[in-house]
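This briefing is meant for a reader who is meeting the structure for the first time. Please keep the sequence and the model side by side while going through the points below.

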Amino acid sequence: MKFVAFNGSPAGKNSATGRILTAFLAGTARAGAKTEQYHLTDYHIKQCQGCFACWFQSPGKCTIDDDMEQLLQAYLSADIVCFGSPVYSWNMTALLKNFVDRLIPLKSPLLTEKAGHFDMADGKKRQQQYVAIANCGFPGENNFSIIQAAFSCCNPCLEIYRNCGKLLTSKQPAVQEIVADYLSQVEQAGYEMATNGFVSDNTKKQLAMDLMTTEDYIKFLGM
Ligand SMILES: Cc1cc2nc3c(=O)[nH]c(=O)nc-3n(C[C@H](O)[C@H](O)[C@H](O)COP(=O)(O)O)c2cc1C
């Protein structure tokens, strides 16, 4: 089984998103899965031009010559694709959205409908599953509502939403201890996902726990 993660944070490998993805992939690797992580900020990905040449002229192939060809191969090699993004302006980052737009060569000009939900059919039949991971800077859950709605389009088998995300990259030893505990739960989620194909309710509960009170977090931010 292979897990391939795409990190949409502009902060790349130093990001909170990267830390969560890395812990998750480490858990899947502990269970024997192959893993790859791509920090999208390290790649040259132009914007989709909406020409649909990838459907009508060269099916499955985009006319733009950039790093997307390599990333598409990585994407296709995955049994489970992990999308990771910080919340930027209530949504996924432009970096991840741009990447997702450029996946359109994998679709075909064939409309599908399931219970009133319309989509384009895959160009070639694929059995991939999806994991959605996001972190945001504020406390509370409301900042995830838009990104959650966007991710619901791929019907993820697991979603991890981490608020108070600034804690994840803190250099304060006391905070790092809290974060290490949290990341060990993320690692466990990866292990369970690769072992059983799902994450237990208990681990999900641990993942959803507050890392500190809102009052303490606001003090931590110095706001
Ligand atoms: C341009 C920009 C927009 C942001 N918008 C939001 C937002 O709408 N809601 C929120 O909770 N945090 C927001 N944040 C904070 C980030 O989500 C937060 O800093 C996160 O931990 C960064 O994750 P990363 O290290 O993976 O990039 C924003 C940050 C930036 C730079």
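Predicted model: local features only at pLDDT ≥ 70, side-chain atom pairs only at ≥ 80, totals over all residues.

Strands E3 and E6 pair in the parallel sense over 7 bridges, and within this pairing Gly84 stands opposite Ile133 in E6.

**Strand E3 and its other partner**
- Strand E3 also pairs with E1, again in the parallel sense, over 5 bridges, and here Ala5 stands opposite Cys82 in E3.
- Strand E3 is mostly covered, since 7 of its 7 residues are buried.
- In a regular strand, side chains alternate between the two faces of the sheet.
- In E3, Ile80, Cys82, Gly84 and Pro86 point one way, while Val81, Phe83 and Ser85 point the other way, and all of these residues are buried.

**Helix H1 and its surroundings**
- Helix H1 covers residues 16-30 and reaches 21 Å from its first C-alpha to its last, which is close to the 21 Å expected at 1.5 Å a residue.
- Because 11 of the 15 residues of H1 are buried, the helix is largely enclosed by the rest of the structure; among the buried ones are Ala16, Arg19, Ile20, Phe24 and Thr28.
- The buried residues of H1 pack against the strands E1 (2-7), E2 (34-39), E3 (80-86), E6 (129-135) and E7 (158-162), and also against helix H6 (173-196).
- Ile20, one of the buried residues of H1, touches Gly84, Ile133, Asn135, Ile160, Arg162 and Val186, when residues up to four places away in sequence are not counted.
- Just after H1, Gly32 takes a positive phi of about 100°.

**The nonpolar core**
- The largest nonpolar core has 44 residues, and those with the most contacts inside it are Ala5, Ile20, Phe24, Cys82, Phe83, Ile133 and Ala134.
- Two or more residues are given to this core by each of the elements E1, H1, E3, H4 (94-101), E6, H5 (145-151), E7 and H6.

**The ligand**
- There are 18 residues around the ligand, of which Ser15, Pro86, Cys136, Gly137 and Gly165 come nearest.
- Pro86, named among these nearest residues, is also one of the buried residues of E3.
- By class, the shell around the ligand is made up of 8 nonpolar, 9 polar and 1 charged residues.

Terms used
Residues numbered from 1 in each chain as written. Near = placed C-beta within 6 Å. Nonpolar A, V, L, I, M, F, W, Y, C, P; charged D, E, K, R; others polar. Helix = DSSP H or I, 4+ residues; strand = E, 2+ residues; numbered from the N terminus. Expected span 1.5 Å × (residues − 1). Buried ≥ 20, exposed ≤ 12 C-beta atoms within 10 Å, placed from the backbone. Contact = placed C-beta atoms within 7 Å. Pairing = 2+ DSSP bridges. Core = buried A, V, L, I, M, F, W, Y, C linked by C-beta atoms within 7 Å.
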